[in-house]
Amino acid sequence: AGMQGGGGPPGDAAGPPPGIAGDAMVAASDFFNDVWSTNDGVAWRRETEHAGWTSRAGLSAITFDGALVVLGGSVNDDAAILAGPSARIYHNDVWRSQDGANWTQLAEHAPWAKRAGAALAVMGDALFLFGGECGFLADVDGVLPYFNDVWRTRDGARWERVTAEAPWPSRPGHWVLPLADRFVLFGGFRPDETGIGEDNPVDMWTSADGEKWSLLAARPWSATTSADVKYDFAAIVSSSSSDSSIYTFGGDRETFNFFDPVNYLRIDNDVWAFGPVRHAHGVEVGAAAKLEVIPDPKYLLPV
């Protein structure tokens with residue numbers, strides 16, 4: 001399924017640990033544009049210290065058409081972190097590499113709005129982009145700078161908008177994965193009306209084409225409230241000859257409540273599975289309600 005980068009609030013958005021002054025936690029972040037690879041998870045090789053694309057966080061990356069693709073992201077800290085005017089710079093460039101060391105720019109400015117925290121997924125011969133953010137907190141009118149649009153490309157250079165506004169709430173830090181010939185979207189970050197609490201979306205959506213979406217009955221991580229929903233987690237699809245499952249790893253559930261002394265503890269190292277979903281074996285998968293999920297999402301490895 002490739003890789004993608006989250007775009008929810010960074011870890012240093014958490015309140016300071018008890019006994020540490022808040023000022024000691026406010027510092028400018030470092031940003032990187034290096035690329036590393038490994039064949040065994042133990043020995044790592046640095047493919048390049050400085051890729052063709054500029055240093056950034058919240059970028060999205062995936063394998064597509066036999067190559068690595070990197071796009072979007074941002075540099076500098078958000079106003080929500082620094083408590084001042086935002087210096088964040090957002091990107092909508094698209095890059096491609098066969099080896100991780102040598103990069104070619106496919107688009108300097110793609111037609112989708114500059115953003116970080118978008119989700120990517122491949123279906124058939126097309127690469128899809130879903131949602132993201134260009135800021136963390138709402139403006140004076142209460143509008144969140146989040147996206148719920150969907151875009152598609154077959155070459156990384158030319159993009160077409162699939163939908164300007166999908167039915168799922170806009171969000172960054174989510175994932176979209178191909179499962180049983182359909183996209184499954186879940187997770188992500190949204191603050192509540194106060195800006196310091198969470199209103200993370202407790203939902204899972206599915207689509208065959210990125211345009212028409214159906215809400216699944218299942219909830220990610222068996223969540224009962226928005227506090228159970230993660231953002232900036234990692235996820236993959238694992239498949240056998242008969243079925244496929246989604247696995248998630250870790251994630252963040254922090255808020256912008258700097259006065260909560262345990263906020264910084266809401267970072268997880270658990271592992272969950274959603275599935276298995278049985279393959280259709282050449283028969284077209286029907287409506288979302290017919291996605292056969294056995295059993296409900298469950299812990300594989302508790303905290």
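This is a predicted model: local features need pLDDT of at least 70, side-chain atom pairs count only at pLDDT 80 or more; totals for chains, interfaces and linings use all residues.
## A hairpin to start with

Strands 9 and 10 form a hairpin with two residues between them, and glycine 124 in the turn has a positive phi of about 65 degrees. Strands here are DSSP runs of E with at least two residues, helices are runs of H or I with at least four, and both are numbered from the N terminus.

Residues are numbered from 1 along each chain as its sequence is written, and side-chain values use heavy atoms, with hydrogens and water left out.

## Strand 10 and its other neighbour

Strand 10 also pairs with strand 11 (residues 146-153), again in the antiparallel sense, over six bridges. Here leucine 129 stands opposite tryptophan 151 of strand 11.

Why is strand 10 largely enclosed by the rest of the structure? Eight of its eight residues (126-133) are buried, so the rest of the structure largely encloses strand 10. Buried means under 20% relative accessible area, exposed means over 50%, and partly exposed lies in between (1.4 Å probe, protein chains only).

## The whole protein

Now step back: the protein has one helix and 20 strands. Of its 303 residues, 47% count as buried. Its accessible surface (Shrake-Rupley method, 1.4 Å probe; for residues, only the protein chains shown count as cover) comes to about 14,300 Å², and 53% of that belongs to carbon and sulfur atoms.

Contacts (heavy atoms within 4.5 Å) tell us about the fold too. Among those between residues at least 6 apart in sequence, 54% join residues at least 24 apart.

## A cavity inside

How many cavities of 30 Å³ or more does a search of the whole structure find? There is one. A cavity is a set of points, on a 1 Å grid over the protein atoms alone, where a 1.4 Å probe fits but cannot get out; its lining residues have an atom within 4 Å of a point. The largest cavity has a volume of about 70 Å³, where volume is the space filled by probe spheres set on the points, and points are joined across faces, edges and corners.

Ten residues line the largest cavity, and the closest to its centre are Phe186, Pro220, Trp221, Thr248 and Phe274. Strand 18 (243-252) and strand 19 (267-278) each supply at least two lining residues, with the largest share, three residues, coming from strand 19. By class, the lining has nine nonpolar, one polar and no charged residues. Nonpolar covers Ala, Val, Leu, Ile, Met, Phe, Trp, Tyr, Cys and Pro; charged covers Asp, Glu, Lys and Arg; the others, Gly among them, are polar.

Aspartate 270 and glycine 250 are 20 residues apart in sequence, and their C-alpha atoms are 5.1 Å apart in space.

Most residues other than glycine have a negative phi. Alanine 180, in the loop between strand 13 (175-179) and strand 14 (182-186), has a positive phi near 55 degrees and is buried at 12% relative accessibility. Aspartate 232, in the loop between strand 16 (214-215) and strand 17 (234-239), has a positive phi near 50 degrees. Is aspartate 232 buried or partly exposed? Aspartate 232 is partly exposed, with a relative accessible area of 28%.

Terms used. On a 1 Å grid over the protein atoms alone, a cavity is a set of points where a 1.4 Å probe fits but cannot get out, and a pocket is an open set with protein on both sides within 12 Å along at least five of seven lines; lining residues have an atom within 4 Å of a point. Two strands pair if DSSP finds at least two bridges between them.
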